Amino acid sequence: MNLTVIGTGYVGLVSGTCFAEMGNTVTCIDVDENKINNLKKGVIPIYEPGLEPMVLRNVKNNTLHFSTSLKDNLEDCNIAFIAVGTPMGEDGSADLQYVLQVAKEIGQHMTHPMVIVDKSTVPVGTADKVREAIKNELQQRNKDIEFHVVSNPEFLKEGDAINDFMKPDRVVVGSDDEGASKIMRNLYAPFFRSSMDRLITMDVRSAEMTKYVANAMLATKISFMNEIANICELVGADVNKVRIGIGSDSRIGYSFIYPGSGYGGSCFPKDVKALKRTAQENGYDPKLITAVEDVNDKQKMVIAKKVVERFGEDLMGMVFTVWGLAFKPQTDDMREAPAIYIIKELCERGAKIHAYDPKAMLEAEHFYLKGLENVVYFDSKYEALKDADAMILLTEWKEFRSPDFEELKKQLRQPIIFDGRNQYDYLSMQNMGIEYFQIGKK
Ligand SMILES: NC(=O)c1ccc[n+]([C@@H]2O[C@H](COP(=O)([O-])OP(=O)(O)OC[C@H]3O[C@@H](n4cnc5c(N)ncnc54)[C@H](O)[C@@H]3O)[C@@H](O)[C@H]2O)c1
């Protein structure tokens, strides 16, 4: 099939590349000329394991193309995917301006019947708005071209996106037209070798809702466990033990019950907020979803609070090493990362930060911590420790799991670790003479 993917970000680039890998001919479109020019030269704009070789292979095979022109690439296209951003609007709702702009452009340039797919995360009712926007443009051109708008939300995880896309737990297709559903089934069939049970078809509104509910459910698990961690500290319990105690119950399970510094990233914060807005706009007061968000906002500052409790309100003259800036491992994405909030708080109190992250340092320096003179970046995690008063761990990259603690003790002014991801064993830290602070255990 000939596919056009509009929006070449995490989702657009990964899905376009994976569809090309399965033998489709794909053109990824973006308004960002720099990004497209770089991709044409083989420069991949994001870090995602396995993505680069797959992009290069498909470009070489002529199955993957990049362009800034939607108009030039709709002619032979069977399916157009809308994969542009849906950032948080001022009132917390999803900002649909990019999605609707693309819909408008499709209507302006469409020449033949096709399926238009909402892959961006969009609130219930967006497919209707996309349909309306396309129809309006067709009417202005006096054209009567058949098209169907399908919802196909994306569930990939940054850091494991290729695996998630190539071997999906499920693919959700929301469609009100049998023909469009069949086209989507054929497109996804190669991703399900043995059975198509994991391709779940439903009506458009339920598909749109499913994506928000999945993210809100995962965010709820995280906030629940973080709240439990805070209570554990007050009552003298160890959340690490409690986690194992409850996770062993198959009804609960182990995933997403790790206590930490709160969730970040491009999806959970904005999607939880957007679901809350949708509920409110429909006259419902979403108490649980509101609490999930409140708990998370507070949780992002728990480690900074522990630093202040240990060193005092005024951190002038103190140096802290931060290991991990990305919102999670295996990505360079820093959107809404707890590191942003914690580092800013410590800098405001006068501290200097020695930062190290395997992949996210450019993002930090050029965007998220831009202009913060108190932050210095290091190429090695051990160099970053030199002459610091404590190490603060904020992203659970594998290379931080089992560091050389003797080297760490040698480099730090005092052997103190604040662990925002509960990566180390409390007793071992004590035995090594390291003053160790973690989440959910005092
Ligand atoms: N990042 C994730 O892990 C993830 C996972 C699942 C779903 N989603 C959802 O997918 C959508 C895209 O997310 P993302 O992380 O890929 O965003 P992103 O910001 O990485 O990429 C969006 C891209 O769209 C481009 N764009 C904007 N307007 C355009 C236009 N008119 N024409 C062409 N390109 C245009 C931007 O230049 C940008 O490159 C969002 O709705 C997001 O919530 C993201």
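## Around the ligand

Sorted by class, the shell around the ligand holds 11 nonpolar, 10 polar and five charged residues. Here Ala, Val, Leu, Ile, Met, Phe, Trp, Tyr, Cys and Pro count as nonpolar, Asp, Glu, Lys and Arg as charged, and the others, Gly among them, as polar. Of the 26 residues around the ligand, Gly7, Gly9, Val11, Ser120 and Thr121 come nearest; a residue is near a molecule if its C-beta atom, placed from the backbone, lies within 6 Å of it. The elements that each give two or more residues to this shell are α1 (10-21) and α4 (97-109). Helices (H or I, at least four residues) and strands (E, at least two) are DSSP runs, numbered from the N terminus.

This is a predicted model, in which local features need pLDDT of at least 70 and side-chain atom pairs count only at pLDDT 80 or more, while totals for chains, interfaces and linings use all residues. Residues are numbered from 1 along each chain as its sequence is written.

## Three domains

The protein chain is divided into domain 1 (2-202), domain 2 (212-298) and domain 3 (300-438), with bounds that come from an automatic or database domain assignment. Between the C-alpha centres of domain 2 and domain 3 there are 24 Å.

Where do these two meet? On the domain 2 side, 13 residues are in contact with 15 residues of domain 3; two residues are in contact if their C-beta atoms, placed from the backbone, lie within 7 Å. Helix α11 (residues 287-299) gives the largest share of the domain 2 side, three residues. By class, that side has three nonpolar, eight polar and two charged residues.

## A six-stranded sheet

Now look for an open sheet of six strands, in the order β11-β10-β9-β12-β13-β14 with parallel pairing. Two strands pair if DSSP finds at least two bridges between them. The edge strands, β11 (375-377) and β14 (435-438), each pair on one side only. From one strand to the next, the twist averages 20°. Axes are lines fitted to C-alpha atoms, for helices over the stretch in contact, and angles run from 0 to 180 degrees between N-to-C directions.

Strand β10 (residues 352-356) is joined to β11 by three bridges, and the two run parallel. Ala355 has Tyr377 as its bridge partner in β11. Helix α12 (residues 302-311) packs on the sheet, where it touches β9 (319-323), β12 (390-393), β13 (416-419) and β14, and its direction makes about 155° with that of β13.

Most residues other than glycine have a negative phi. Glu336, although not a glycine, has a positive phi of about 60°, and it lies in the loop between β9 and α13 (338-348). Asp387 also has a positive phi, near 60°, and is found in the loop between β11 and β12.

Is each one buried or exposed? A residue is buried if 20 or more other C-beta atoms lie within 10 Å of its own, exposed if 12 or fewer, and partly exposed in between, with C-beta atoms placed from the backbone. Glu336 is buried because 21 other C-beta atoms lie within 10 Å, whereas Asp387 counts as exposed because it has 11 C-beta neighbours inside 10 Å.

## An enclosed strand

Strand β1 (residues 2-6) and β2 pair in the parallel sense over five bridges, and Leu3 has Val26 as its bridge partner in β2. Four of the five residues of strand β2 (residues 25-29) are buried, so β2 is largely enclosed by the rest of the structure.
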